[in-house]
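Subject: Structure handover

Dear colleague,

Please find the structure below, as promised. My notes come after it.

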Amino acid sequence: MKILVTGGAGYIGSHTCVELLQEGYDVAVLDNLSNSSKESLIRVEKITKKSLAFFHADLLDTAAVTQIFSRFRPDAVIHFAGLKAVGESVTMPLTYFHNNITGTLNLLSVMAQSGPKNIVFSSSATVYGDPASLPITEDFPLSAANPYGRTKLMIEEILTDLFHADPEWNIALLRYFNPMGAHASGLIGEDPQGIPNNLVPFISRVAIGSLDRLQVFGNDYDTPDGTGVRDFIHVTDLACGHIKTLPKLFSNPGIVTYNLGTGRGYSVLEMVEGFQRACGCSIPYDIVPRRPGDIAACWADPTKAKKELGWEAVKTLDDMCKDTWNWQKNNPQGYAA
Ligand code: NAD
Ligand code: UFG
């Protein structure tokens with residue numbers, strides 16, 4: 001069975017490639033390397049002792065995408081490729097709409113023409129906006145608070161319309177909560193460029209000494225310790241969610257949606273404590289005002305994925321912090337070194 005992974009050189013994509021190869025799938029990656037490096041794929045091959053095909057191509061280049069489909073002839077596509085920085089999307093909305101929406105439309109047009117009509121799409125818990133209650137189930141109302149979130153919501157809508165127009169499509173919308181951690185080997189992990197926006201990469205940079213102090217954005221939320229609460233999920237658990245989704249996709253389900261989260265939330269301060277346990281060092285921090293646009297708390301109800309896919313997250317907070325630290329300390333410059 002052949003799987004084309006768009007954005008496969010990136011953080012979640014590379015971990016998913018490891019699981020796909022280990023499950024015996026034939027894997028090809030399509031990536032423009034705009035936010036990743038080919039080194040991640042070399043390391044995927046090192047971990048699995050298997051090889052994959054790599055196409056250095058941009059989804060905005062329809063001719064290149066068409067050629068890749070005629071050469072590789074995938075049975076399904078896992079579509080990770082996209083830009084993902086919330087703040088950047090606010091200042092560069094056109095870039096985000098063009099890359100994420102046009103890129104996806106190009107991909108879908110090629111798939112509509114040549115097949116396969118089987119796709120797993122990387123959506124996000126961001127499509128739930130500020131949820132009225134917790135935990136979040138898949139039927140909660142959807143909204144978008146920024147251009148990045150709007151691209152996720154729009155692509156979900158595009159895929160839904162596509163299925164209504166042509167029921168031959170099989171589509172899985174996977175809504176990820178907050179991925180963190182790294183492969184247990186310490187060979188692949190998250191490698192953000194510049195100063196990280198997200199909590200976990202920021203904490204790891206403080207732990208390694210390349211950043212001085214963490215800023216905790218607000219301690220006056222209506223949460224047990226006043227800091228924001230999120231459903232952090234180990235990236236390997238998330239990757240396995242994709243492996244469990246593929247047989248479902250091949251059983252002709254039509255369009256299906258699943259939350260991929262653990263079902264429990266941890267606060268920013270709990271994350272700091274977890275990380276301190278893992279690295280054995282102290283993470284200095286200051287409490288600063290809330291970050292505009294942040295919600296107080298967010299965690300998944302993952303029951304549907306457990307029931308219908310037989311998937312659930314198994315890694316603990318300590319596993320997540322330990323694996324993040326293992327990757328960070330072995331690769332202080334990320335893949336650049
Ligand atoms: P990432 O940036 O590490 O990976 C995305 C990959 O897509 C990169 O390798 C990049 O080079 C590639 N890419 C971007 N635009 C492309 C284009 N036009 N053509 C070809 N390749 C292109 O991000 P990630 O964290 O691995 O996220 C993967 C997917 O999951 C994204 O769609 C993201 O929006 C979604 N997601 C991520 C998170 C998270 O917190 N990491 C949460 C929810 C959803
Ligand atoms: N936080 C800090 N200091 C920091 C960074 C974050 O206190 O330096 C806090 C935030 O205020 C929030 C929590 O840590 O309470 C988590 O923030 P992240 O930026 O790590 O994650 P978000 O939940 O804001 O958003 C992430 C991705 C989104 C995605 C969402 C759900 O950035 O794209 O998870 O998957 F939609």
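This is a predicted model: local features need pLDDT of at least 70, side-chain atom pairs count only at pLDDT 80 or more; totals for chains, interfaces and linings use all residues.

Residues are numbered from 1 along each chain as its sequence is written, chains are lettered from A and ligands numbered from 1 in the order in which they are written, and side-chain values use heavy atoms, with hydrogens and water left out.

Ligand 1

The shell of ligand 1 holds 28 residues, where a residue counts if one of its heavy atoms lies within 4 Å of the molecule. Ile-12, Asp-31, Asn-35, Ser-36 and Tyr-148 are the closest. By class the shell has 13 nonpolar, eleven polar and four charged residues; here Ala, Val, Leu, Ile, Met, Phe, Trp, Tyr, Cys and Pro count as nonpolar, Asp, Glu, Lys and Arg as charged, and the others, Gly among them, as polar. At least two shell residues come from each of helix 1 (11–22), strand 2 (26–31), strand 5 and helix 6. Strand 5 has the largest share, three residues. Helices (H or I, at least four residues) and strands (E, at least two) are DSSP runs, numbered from the N terminus.

- a polar side-chain atom of Asn-35, 2.7 Å from a ligand oxygen;
- a polar backbone atom of Phe-80, 2.8 Å from a ligand oxygen;
- a polar backbone atom of Gly-10, 3.3 Å from a ligand oxygen.

The protein buries 95% of the 830 Å² that ligand 1 exposes when taken alone; accessible areas come from the Shrake-Rupley method with a 1.4 Å probe.

Ligand 2

Around ligand 2 there are 20 residues, and the closest are Ser-124, Phe-177, Gln-215, Arg-230 and Asp-294. Ten of the shell residues are nonpolar, seven polar and three charged. Strand 8 (residues 214–217) gives the most to this shell, with four residues. On its own ligand 2 has 690 Å² of accessible area, of which the protein covers 89%.

Cores

In soluble globular proteins, nonpolar side chains tend to be buried together. A nonpolar core here is a set of buried Ala, Val, Leu, Ile, Met, Phe, Trp, Tyr and Cys residues joined through side-chain atoms within 4.5 Å. Buried means under 20% relative accessible area, exposed over 50%, and partly exposed in between (1.4 Å probe, protein chains only). The largest core has 39 residues, and Ile-3, Val-5, Leu-20, Val-27, Leu-52 and Leu-246 have the most contacts inside it. Helix 1 gives the most to this core, with six residues. Another core, of 25 residues, lies apart from it and includes Leu-59, Val-65, Val-77 and Leu-173.

Leaving out residues up to four places away in sequence, Ile-3 touches residues including Leu-20, Val-27, Phe-72, Ile-78, Leu-246 and Phe-250; contact means heavy atoms within 4.5 Å.

Helix 7

Helix 7 (residues 199–208) is mostly covered, with eight of its ten residues buried. Among the buried ones are Phe-202, Ser-204 and Arg-205. The buried residues of helix 7 pack against strand 7 (178–180), strand 8, strand 10 (232–234), helix 9 (268–279) and helix 11 (317–330). Just after helix 7, Gly-209 takes a positive phi of about 95°.

Backbone

Most residues other than glycine have a negative phi, and most peptide bonds are trans. What follows departs from that pattern.

The bond from Gly-115 to Pro-116 is cis, with omega near 0°, and Pro-116 sits in the loop between helix 5 (93–114) and strand 5 (118–124). The bond from Leu-134 to Pro-135 is likewise cis, with Pro-135 in the loop between strand 5 and helix 6 (147–165).

Lys-49 has a positive phi of about 55°. Lys-49 lies in the loop between helix 2 (39–48) and strand 3 (53–56) and is exposed, at 75% relative accessible area. Arg-73 has a positive phi of about 50°. Arg-73 is in the loop between helix 3 (62–72) and strand 4 (76–79), and is exposed at 57%.

Regards

Terms used:
A polar contact is a pair of N or O atoms within 3.5 Å; within protein, one must be able to donate a hydrogen and the other to accept it, and residues adjacent in sequence count only if both atoms are side-chain atoms.
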